[in-house]
Amino acid sequence: MAITREHDLHKRRSGRNIGLAVVLLAFIALVFGLTIAKVSGGNALQAFDHSYRPVLDPDNVRFQQR
Amino acid sequence: MSDIRTNIDFVQTGDAEFRDYVALLKPRVMSLVVFTALVGLLVAPGSLHPIEGLAAIIFIALGAGASGALNMWWDADIDAVMKRTAKRPIPAGKVTPQEAMSLGVALSGLSVIMLWLATNALAAFLLAFTIFFYAVIYSMWLKRATPQNIVIGGAAGAFPPMIGWVAVTGSISLEACLMFMLIFMWTPPHFWALALFMKGDYHKAKVPMLTVTHGRKATRTHILVYTAALLPFALAAGFTSMGGPVYLALALVLNLIFLHGAWAIWWRDEAVAEADNYRVEKRVFRFSLYYLFVHFVAILAEGALAHLPVYAEFATKFKILEVF
């Protein structure tokens with residue numbers, strides 16, 4: 001039988017590729033979520049935005065109060 | 001490792017589909033692993049971030065799946081001759097043994113490293129040991145070497161709730177050990193009841209099941225002895241921090257029913273069993289599935305009820321083993 005675009009082989013391989021893509025995307029999402037959970041330690045994340053923010057300074061009283 | 005294993009070339013029937021690779025991970029076994037590990041994780045003192053908990057469950061399940069793939073790779077020759085397993089991906093010619101082995105090894109490494117990153121080193125070590133135990137100690141060595149294969153191999157299935165517990169606490173405690181013992185002692189009577197009415201399969205595959213090596217009467221006696229030995233472990237769990245009156249009441253009823261079933265199996269002779277197509281053996285096998293499920297649901301229920309102050313105060317009187 002000639003290998004055509006409609007051949008059953010393509011359907012099986014397509015199913016495998018989609019399945020693998022879904023698994024990889026889920027893995028990426030899980031690792032991302034895990035990273036956020038580990039880094040934040042249960043608190044909200046605050047990024048450094050190139051200006052002094054007392055709440056991010058460990059020596060500042062506002063950091064200790066948060 | 002064994003001279004019984006023979007090399008069989010499996011005829012490839014075509015490209016594998018995604019579901020064939022999923023089947024290699026033994027999804028039904030994985031669902032039991034997920035459930036028991038989840039119970040261990042939820043009832044352990046302390047807490048994990050929900051995403052860490054989710055990751056822990058996923059990677060414990062993936063580790064179990066990896067050991068399932070390694071088991072299917074090694075046991076493909078046995079699976080091919082047993083009716084119950086002949087349609088598995090390797091004997092069916094969907095997946096090559098090399099593919100199954102590669103998938104098993106890759107997922108083993110991934111699951112152990114990721115569990116370590118998500119939780120702690122001890123949980124990851126226990127998962128690695130579980131995979132090693134199931135794939136090497138059980139599949140490659142004991143399964144074809146001794147009729148006690150089920151007894152020792154049962155340890156692999158008993159580790160998940162302990163890993164779930166350790167993922168939260170970072171240490172092994174009496175509660176984790178009792179959850180382990182509950183599954184460990186439950187496995188032999190569960191599988192021997194199955195072996196009594198699936199008699200042709202194991203014999204054909206030359207797997208030294210107790211029914212084949214020591215006879216069916218000895219198997220019936222073993223079922224009774226192990227079911228009796230299971231009882232103290234199941235009840236002892238009720239006196240720890242994860243137990244309580246609800247668990248104890250359920251455990252008592254379930255163990256008495258299981259013991260009654262094991263007694264009925266022991267009391268019967270082969271002619272009677274064959275005449276009614278192993279009715280009692282099949283009934284006890286089915287009950288044993290509910291037995292384990294309800295025990296773990298009861299442990300979970302105790303954890304939920306502990307949030308009610310009135311119940312928690314009452315339940316404290318039962319937790320006499322909590323001091324350990």
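Biologist: How many salt bridges does the rule find across the interface of chain B and chain A?

Modeller: The general idea comes before the count. Side chains of opposite charge can pair when their charged atoms come close. In this structure, which is a predicted model, the rule finds 1 salt bridge across the interface of chain B and chain A.

Biologist: Which side chains meet in that salt bridge, and at what N to O distance?

Modeller: They are the side chains of B:Glu52 and A:Lys38, at 3.5 Å from N to O. Over all chains the count comes to 12 salt bridges. B:Glu52 sits in helix 3 of chain B and A:Lys38 in helix 1 (residues 8-40) of chain A, so this pair joins two chains.

Biologist: How many residue pairs are in polar contact between chain B and chain A?

Modeller: The count is 4 residue pairs, both residues being at pLDDT 80 or more.

Biologist: What is the secondary structure of chain A?

Modeller: Chain A has 2 helices and 0 strands. Of its 66 residues, 18% are buried. Chain A exposes about 5,400 Å², and carbon and sulfur atoms supply 62% of that area.

Biologist: Into which domains is chain B divided?

Modeller: Domain 1 covers 18-171 and domain 2 covers 173-324. Their C-alpha centres lie 22 Å apart. An interface within one chain can be read in the way used for two chains. Here 31 residues of domain 1 of chain B are in contact with 33 residues of domain 2 of chain B. The area buried between these domains is about 2,700 Å², and carbon and sulfur atoms give 80% of it. In domain 1, B:Pro147, B:Ile150 and B:Trp165 lose the most area to domain 2, together 21% of what that side buries.

Biologist: How many salt bridges and how many residue pairs in polar contact lie between domain 1 and domain 2 of chain B?

Modeller: The counts are 0 salt bridges and 1 residue pair in polar contact. On the domain 1 side, helix 2 (27-43), helix 4 (76-81) and helix 7 (149-169) of chain B give two or more residues each. Helix 7 gives the most, with 12 residues.

Biologist: Which residues form salt bridges with B:Asp276?

Modeller: One partner is B:Arg268, at 2.8 Å from N to O. B:Arg279 is another, with the closest N and O atoms 3.9 Å apart. B:Asp276 is partly exposed at 25% relative accessibility, B:Arg268 is buried at 10%, and B:Arg279 is exposed at 52%. Salt bridges that share partners join B:Arg216, B:Arg220, B:Arg268, B:Glu270, B:Asp276, B:Arg279 and B:Glu281 into one network.

Notes
Residues are numbered from 1 along each chain as its sequence is written. Chains are lettered from A and ligands numbered from 1 in the order in which they are written. This is a predicted model: local features need pLDDT of at least 70, side-chain atom pairs count only at pLDDT 80 or more; totals for chains, interfaces and linings use all residues. Side-chain values use heavy atoms; hydrogens and water are left out. Helices (H or I, at least four residues) and strands (E, at least two) are DSSP runs, numbered from the N terminus. Buried means under 20% relative accessible area, exposed over 50%, partly exposed in between (1.4 Å probe, protein chains only). Accessible areas come from the Shrake-Rupley method with a 1.4 Å probe; for residues, only the protein chains shown count as cover. Domain bounds come from an automatic or database domain assignment. Contact means heavy atoms within 4.5 Å. Buried area is the accessible area (1.4 Å probe) that two parts lose on being put together, summed over both. A salt bridge is a side-chain nitrogen of Lys or Arg within 4 Å of a carboxyl oxygen of Asp or Glu. A polar contact is a pair of N or O atoms within 3.5 Å; within protein, one must be able to donate a hydrogen and the other to accept it, and residues adjacent in sequence count only if both atoms are side-chain atoms.
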